[in-house]
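Let's take a friendly walk through this model, with helix packing and charged pairs as our topics. Have the structure open beside you as you read.

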Amino acid sequence: MIDACQYNVICQIDVATLTSGPQQAYEFFQKHWVAKFGPNDRLVLYSSHVWPNELITHLYQATLLIDISNCFVLLAGPQISQQQVLELSNSGVSFDTLVVPSIDYDTLTLLDSYKLSDSLCPLPWTHLEIKNQGKIHACCVSKKSFGNVSNVDLQAAFDSQDIKDFRQQFLNNTRPVECNTCWRLEDQGITSNRTRHLRLLKKDLLTKYLSNPKIVSLDLKPGNTCNFACRICEPEASSKFAQEQSKYTGIPVKIYNWAETSTLTFNKIKTLLPDIKNLDLYGGEPFLIKPLTSLIKHAVDTGVASQIRLHYNSNGSIYPSELIKYWPQFKHVDIQFSIDDVGARFELERGGQWSEVDRNITQLVQQNLSNVKISIMPAISIMNLYYLDELLSWCNNLGLSINPLYVYHPDPFALSNLTQEAKDLIVGKFYNSTWPEMQQILAIIQKQIPSNGAEFRKLTKHFDQLRNQDFRKTHKELAIAMKMF
């Protein structure tokens, strides 16, 4: 042990015990975190071996995340040199250090298993998504499936060897091919689902769930019941879209509603609620799906609502009068409306009546519910990119923040299919935009090889003919740039 009599030693630990996994240091500092340390209090980490700079940097990063000042951490051992301390200090890494002549026994061998994977994602350790058709996934963008609620129990899927192997790929610093959507976005400099959640959940992941995976978050898409048929949607997520496609193709329409047809699964979800911290509710249109309302009521009736963050993604066509009375019981309610555009362009891109959607959202904002946050999540595509300033103006008038995502399916509407003329049009309009996201968008599209626009024109004309609409009238400037005239 280390003699550090000039300090009040809170804990002494062989640092090698913190090198057997990337979470060990984070768990250690979290365990010993207190709101206030005394001036002489120290957490002593010791070793008789040479301390790699990379290990010391890792420990420093752990103290930053856990919010323990590095001055209350003492690194001790005979192999710490002043030169090493100086080198680390010059790179912004500093600890209190104590060079001791020797340690009276050999400490454990330092491992290199502490290194944190660059591809780490918190969702496979904490979260499950149930898609519209009942397939179980680790998240909403991963293609990796762990069965279907029709024949697999949710907890069994979360504990399966299949998902354990999936987690190991992240720990091994590999990029699972099923997560290519995130990797592609990140390679373009765009915030992905993985990086967004890592920013929010990194501390909990490394201090709780990397060692003990647990379902604390659910993303529920109970079917495809929906009154919109957005151009960027698909039959699996919209019953109206499915009916339209069935009429066009002759393929029988499929209506999904596992929340009603798989009562065992919905009952299982109710048993999981005491541990749930986050509940994402989608559709179809979630305000139309009655089992979701019964789930909210159950959370309130059983007294667990106060620990749950509730998230909705809605098209704005339904005013949630029946739900509002339950929301004050929840820890927080986050409602994101999928509004990509305004006026006639909204009606072409998404469907429904813009005046109705505008009225519903405005009325909900005016309720000024204390624990409810309302924001807009536009799906940025070729269709709405040139007109984002009008959407921004509408959001600003209502005091709503914007959390954009990027369309990657269907591919013809993705930004990668912009023509050179459309790129020039957009860059020229928004070159001096003060919206930070717009500057990122401009940087992205300027790097991309321009398209001839053929696939965009083909899909747009398909919808125009199917729905008796004319993109060229509502989106004239963009239509010209995409060579539709």
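A residue counts as partly exposed when its relative accessible area falls between the buried range, under 20%, and the exposed range, over 50%. E421, at 39% relative accessibility, is therefore partly exposed. Please keep in mind that this is a predicted model.

**Salt bridges**

E421 has a charged partner: its side chain meets that of K483 in a salt bridge, 3.9 Å from N to O. E421 belongs to helix α18 (residues 420-430) while K483 sits in the segment after α22 (476-481), so the pair ties together parts that are 62 residues apart in sequence. K483 is likewise partly exposed, with a relative accessibility of 40%.

Across the whole structure, a search finds 21 salt bridges. Here are three of them, with the N to O distance for each pair.

| Salt bridge | N to O distance |
|---|---|
| K131 and E129 | 3.0 Å |
| D219 and K221 | 2.9 Å |
| E421 and K483 | 3.9 Å |

Are K131 and E129 buried or exposed? Both are buried. D219 counts as buried because its relative accessibility is 2%, and K221 is buried too, at 12%. Salt bridges with shared partners link E129, K131, D219 and K221 into one network.

Leaving aside residues up to four places away in sequence, K270 touches L295 and H298. For a sense of scale, K270 and A76 are 50 Å apart from C-alpha to C-alpha, with a sequence separation of 194 residues.

**A helix crossing**

Finally, have a look at helix α9 (residues 239-249) and helix α20 (residues 454-467), whose axes come within 12 Å and cross at roughly 85°. That angle makes α9 roughly perpendicular to α20. On the α9 side, F241, E244, Q245 and Y248 meet H462, F463, L466 and R467 of α20. Sorted by class, this contact has 4 nonpolar, 2 polar and 2 charged residues.

How values were computed:
Residues numbered from 1 in each chain as written. Predicted model: local features only at pLDDT ≥ 70, side-chain atom pairs only at ≥ 80, totals over all residues. Heavy atoms only, no water. Contact = heavy atoms within 4.5 Å. Axes fitted to C-alpha atoms, helices over the stretch in contact; angles between N-to-C directions. Helix = DSSP H or I, 4+ residues; strand = E, 2+ residues; numbered from the N terminus. Parallel < 35°, antiparallel > 145°, perpendicular 65-115°, else oblique. Nonpolar A, V, L, I, M, F, W, Y, C, P; charged D, E, K, R; others polar. Salt bridge = Lys/Arg side-chain N within 4 Å of Asp/Glu carboxyl O. Buried < 20%, exposed > 50% of the residue type's maximum accessible area, 1.4 Å probe, protein only.
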